[in-house]
Amino acid sequence: MTYVITSPCIGEKDGSCVDVCPVDCIHPAPGEAEFEGVEMLYINPEECIDCGACEPACPVTAIFEESAVPEGEKQYIQINADYYKK
Ligand code: SF4
Ligand code: SF4
């Protein structure tokens with residue numbers, strides 16, 4: 001399982017989640033080359049250790065454990081994974 005970033009992150013991108021992730025699996029982080037060009041941040045499902053630290057850190061409640069992603073946001077499970085397949 002993994003945690004997933006959903007649509008409330010779009011346009012927000014404040015990066016609070018990046019600061020608390022112990023395995024640095026949320027990208028692009030502020031300061032990284034791709035940061036300015038993306039609409040939101042994404043969690044790498046291959047690297048996320050399911051610690052849950054990022055969930056309460058998000059000011060707009062965009063982050064959910066995979067099985068708890070709300071209806072209407074479930075496409076973001078794939079969208080997060082796809083970002084790392086490029
Ligand atoms: S659950 Fe933990 S490891 Fe996964 S993205 Fe959030 S902070 Fe990082
Ligand atoms: S803390 Fe929330 S809004 Fe900020 S970058 Fe992370 S997921 Fe997006």
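Reader: What makes up the shell around ligand 2, by class?

Author: In this predicted model, the shell around ligand 2 has nine nonpolar, two polar and three charged residues. Cys and Ala are among the types that count as nonpolar, whereas Glu counts as charged. Of the 14 residues around ligand 2, C9, E12, S16, C17 and C58 come nearest.

Reader: Which residues are closest to ligand 1, and how does its shell divide?

Author: The closest are Y3, C21, C48, C51 and C54, out of 14 residues that surround ligand 1. The shell of ligand 1 divides into twelve nonpolar, one polar and one charged.

Reader: Why is F64 called partly exposed?

Author: F64 has 19 C-beta neighbours inside 10 Å. Buried needs 20 or more, and exposed needs 12 or fewer. The value for F64 lies in between, so F64 counts as partly exposed.

Reader: Where is F64 found, and what is F64 in contact with?

Author: F64 is found in strand 4, residues 63–65. Leaving aside neighbours within four places in sequence, F64 is in contact with Y3, V4, T6 and V69. A contact here takes C-beta atoms within 7 Å. As for E39, F64 is 25 residues apart from E39 in sequence and 18 Å apart in space, C-alpha to C-alpha.

Reader: What makes the largest nonpolar core a core?

Author: A core is a set of buried nonpolar residues joined through C-beta atoms within 7 Å. The largest one has 17 residues. Those with the most contacts inside this core are I5, C17, I26, I43, C54 and I63. Strand 1 (3–5), helix 1 (16–20) and strand 3 (42–43) are the elements that give two or more residues to this core. Strand 1 gives the most, with three residues. In soluble globular proteins, nonpolar side chains tend to be buried together.

Reader: What does I5 touch?

Author: Residues up to four places away in sequence are not counted. I5 then touches M40, L41, Y42, I43, A62, I63, Y76 and N80.

Reader: How do you know that the radius of gyration agrees with a compact globule?

Author: For 86 residues, a compact globule would have a radius of gyration near 12 Å. The protein chain has 11 Å, which agrees. The C-alpha trace spans about 30 × 25 × 25 Å along its principal axes. Buried residues make up 22% of the 86 residues.

Reader: What pattern does the protein chain follow, and how many helices and strands has it?

Author: The protein chain has three helices and four strands. Along the sequence, the pattern reads β-α-β-β-α-β-α. Of the contacts with a separation of 6 or more, 76% are accounted for by residues 24 or more positions apart.

Terms used. Residues numbered from 1 in each chain as written. Chains lettered and ligands numbered in written order. Predicted model: local features only at pLDDT ≥ 70, side-chain atom pairs only at ≥ 80, totals over all residues. Contact = placed C-beta atoms within 7 Å. Near = placed C-beta within 6 Å. Rg over C-alpha atoms; globule rule 2.2 N^0.38 Å.
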